[in-house]
Amino acid sequence: MTISERLPWSPSELLAGLQRLGDRPVVQSVVAGTVETLTGAQLHRRIAGTAAALARADCGRGTVVALWAPNSARWIEAGLACHYLGAVLAPIDALLPASEAHDQAIASGAGAILVDGDAAEMTGLRCFDLSELDLDQASVPAAALGPDDPIALFRTSGTTGAPKAFRLSLGNIGWNVRAIAETGLVGPDDRVLMPLPMHHVFPWITATLSSLTVGATLVLPEAPTGPQIAEALRLGRPTVIAGVPRLYEAMLAGIRERIRSSGGRLARIAFDGGMGLAVQLRRHSEGKLGGALLGSVRRAVAPDLRLVVSGGAHLPQRVQEELEALGWDVRVGYGLAETAASVAGTLVAKRAASVGKPIEGCEVRIDSPGPDGIGEILLRGPVVFSGYIDNPDANAQAFTPDGFFRTGDLGRLDADGFLYVTGRKKEVIVLAGGDNLYPDDVERRYLADPQIAEIGVMERDGALVALIVPNLAEITKAGALKAEDAIRVALGTVATRLPPTWRLAGFALTREPLPRTRLGKLRRFRLPELYERARAGGGQAEPRVLTAEERAWIDTPPRAAVWAILAQRQQGQPFDLDSHLQLDLGLDSFDWMSLAVSIEEATGVRLDSADTARIATVRDLLTRVSTKEPDRERHRADFDETIARERARWLSPATPVERGLAGVLAGANKATMRLFFRLHARGVETLPTTGPLLICPNHVSDMDAFVVAAALPAALRRRIAWAAIRQRVFHTPFHRAFARIARIFPVDETAPTIAVELAIETLAKGGVQVWFPEGWRSPDGKLLPFHSGVGHVILRSRAPVVPVYIAGTFEAWPRDRRFPHPTAVTVTFGEPLAADALIAGIPEGADPAQALADAVRAGVARIAGEAPGEDDDAPAESKQTSGSG
């Protein structure tokens, strides 16, 4: 029997099915670590009781009934009771404040509103608390409904503009429920985990109504958050999950983090290798092989799970392939809220990257396809709504003369009728050169870097820019103290593998989550405003007014002194206790150094590297300072002891064996650079052979130190000392032994003062100090901003400074290449710059250390043939759009 012969589906049919299920469980709610179960008979009785209570309150056929409550069995009871009576269910997001829920109910024309709890703000509405409804009433008959009768009122998600209200009929919903139920993908023996908010079309129709229609058991987590979903996976042991792409992306990320935390880096590498192999095996065997490779991981995560259903947004092919590599059957669909969720899907047949074929009775047409077959997706069929409520202009644009609905999505059909969705028409970015980009595609590539938590790209003045939420945990793990530095390098590194038109011309950072719908779609129409706000204000949330208790806490010593130091540093820029020191106040490692010195002078409290690593907000800083004992003499002694220990370990006179090894390594290095990289050194004759010398090269490759060492005369090389990031160069015994022989001392991002002191000592003894002021290897070969650390060294040592430009090492060995490639390399030494002249040129009111760093950078830029400010594919648009990395 075909689907059309069995339509329409009806709520009364669903209720009859529940009654037949008797004592079989149909809803399992995971609450506080326990599972609360409703059987088919119990749910039927409660729905019938709710319907009777609503009927007695004159909430019958055609009455709009708003429902404002979190996911629960009561939500299901109320929703189905409304459908049964022929009332128009108008669900409202449970996370909306009461005032907004009230306004939305009024705008929907609601005759009543159902809530689960306090209803104090629902003035002007008949309000019923679901927990207080009297369900012990005589049952009432179901409404005699036809296919065109409206039974639900929804709103569009508002990703590109203000949400629009529309009704769905029994025929719209019933066709979709029946189409999904008759596939046989889900049956009465399944347990379906449903973590999505039910006020959306996909969770309510595709997941909830379809599952209950076939007699499956719904598993409801206590909340749609990671820990609660994990608990529901463990206790409910689902066989099916109905989710959205962001849920599955988070699920995969959680699996990787669990493996990394339990087994370390090697376990993560082994998992990624197994995942890659499984994906390839599935690709080349049409899905027949590869699923068993990661069976142990699959069983540990969800031992009974077999089917993963994704809707609500496009599921990236990479995510689908990885889920399938874990052994799960992944099914996707395509539709909009206006089409009762699904109009196409991989219900029967699957094809890579396709959302499947249209369901029975539905038509898909591509409007004005281009040479690649891509055009706007048009839909027609029994699932399509009749129009937006009281919005004739929107309706005129939404439908073609022959009745097809304009989805606003772009896609193509292949010869076998499979549909491929390529983007959103309104979201296509058109750049100044005429290039068209789909933002989702660009964002997915940048999100491959773990230091980027969220990204939203947009067009600004004909160029591509992005608003970014950094992953501070990953940034800290990478050894960076300033988020801008790390993000800039991350973007540049990813960009080297992207088409030129996909590379960002600017970015801004924010610590606020990007605006999304409850199903995880970006509200793109809000991004430009948020981007401009982040540029203007550093991406910080509006500082709030301090409470009297907080003000009193701050005014207590030593916190008052720290607050005063921060206020002076911010120069009138507002901040509060929850302001983030990196993202809101813009502190980098050398800002921290200055701040720590000021705090010690004012309070006697010294903040060490362990403190710095634990402090994120102003509140953290004040708390830490107030819990440490002030002791200037002891702190100074500890600092001097640390300096002495580091000096002895890395810079004390070499033993004869170390000198011999250093000579051998220097000779081998020079021969390698000459033979394989055709090293050419310029300006060597300008270098003084005696006295202190601060050498400041650009930094684009791991080869840079080797080529500088090979280019220097032996007389200078024998007096040289180097500074290198601790996390990169000192992490194994071999690396530490090499550092000792080569006279390399560590720079700790959380305590740079020690490295500055060692550099100053080296210069005071007439030595040669090499200092890479960018701190990071450039991701694109261009100069990055110079950190203020070199300025501190110049201010205190007064040593002459040699700007150096290295060319060719980026091409030979960029940061994203595993091994170097033989390429000609040139090192150009500039004329030494007198420290006193540089200091005399510091602009009035400028930070002296940063001004000196900028002057040295200008010298390197001149050698490179660049104007001093021309460095960036990602220009310094604000304090949150710039940063070395």
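## The largest cavity

By class, four nonpolar, one polar and three charged residues line the largest cavity. Here Ala, Val, Leu, Ile, Met, Phe, Trp, Tyr, Cys and Pro count as nonpolar, Asp, Glu, Lys and Arg as charged, and the others, Gly among them, as polar. The model is predicted: local features need pLDDT of at least 70, side-chain atom pairs count only at pLDDT 80 or more, and totals for chains, interfaces and linings use all residues. Residues are numbered from 1 along each chain as its sequence is written, and side-chain values use heavy atoms, with hydrogens and water left out.

The lining residues are Arg46, Thr50, Arg74, Glu77, Ala78, Leu130, Leu133 and Leu135. A cavity is a set of points, on a 1 Å grid over the protein atoms alone, where a 1.4 Å probe fits but cannot get out; lining residues have an atom within 4 Å of a point. The largest cavity holds about 40 Å³ of space. A search of the whole structure finds one cavity of 30 Å³ or more. Volume is the space filled by probe spheres set on the points, which are joined across faces, edges and corners.

Helix 3 (40-56) and helix 4 (73-85) each supply at least two lining residues. Helix 4 gives the most, with three. Helices (H or I, at least four residues) and strands (E, at least two) are DSSP runs, numbered from the N terminus.

## One side of helix 5

Helix 5 spans residues 98-107, and its buried residues are Ala98, Ala101, His102, Gln104 and Ala105. They cover an arc of only 165° around the axis, so they sit on the same side of helix 5. The arc is that of the directions from the helix axis to the C-beta atoms. Buried means under 20% relative accessible area, exposed over 50%, and partly exposed in between (1.4 Å probe, protein chains only).

These buried residues pack against strand 3 (64-68), strand 4 (88-92), strand 5 (112-115) and strand 7 (150-155). Contact means heavy atoms within 4.5 Å. Just after helix 5, Gly109 takes a positive phi of about 75°.

## Cysteines

The structure holds zero disulfides (pairs of cysteine sulfur atoms within 2.5 Å). Cys127 is in none; the nearest cysteine sulfur, that of Cys59, is 11 Å away. Cys127 is partly exposed, at 25% relative accessible area. Cys362 is buried, at 10%.

## Ser594

Ser594 lies in helix 19 (residues 589-603). Ser594 is partly exposed, with a relative accessible area of 35%. Its C-alpha atom is 9.0 Å from that of Thr753, 159 residues apart along the chain.

Methods:
On a 1 Å grid over the protein atoms alone, a cavity is a set of points where a 1.4 Å probe fits but cannot get out, and a pocket is an open set with protein on both sides within 12 Å along at least five of seven lines; lining residues have an atom within 4 Å of a point.
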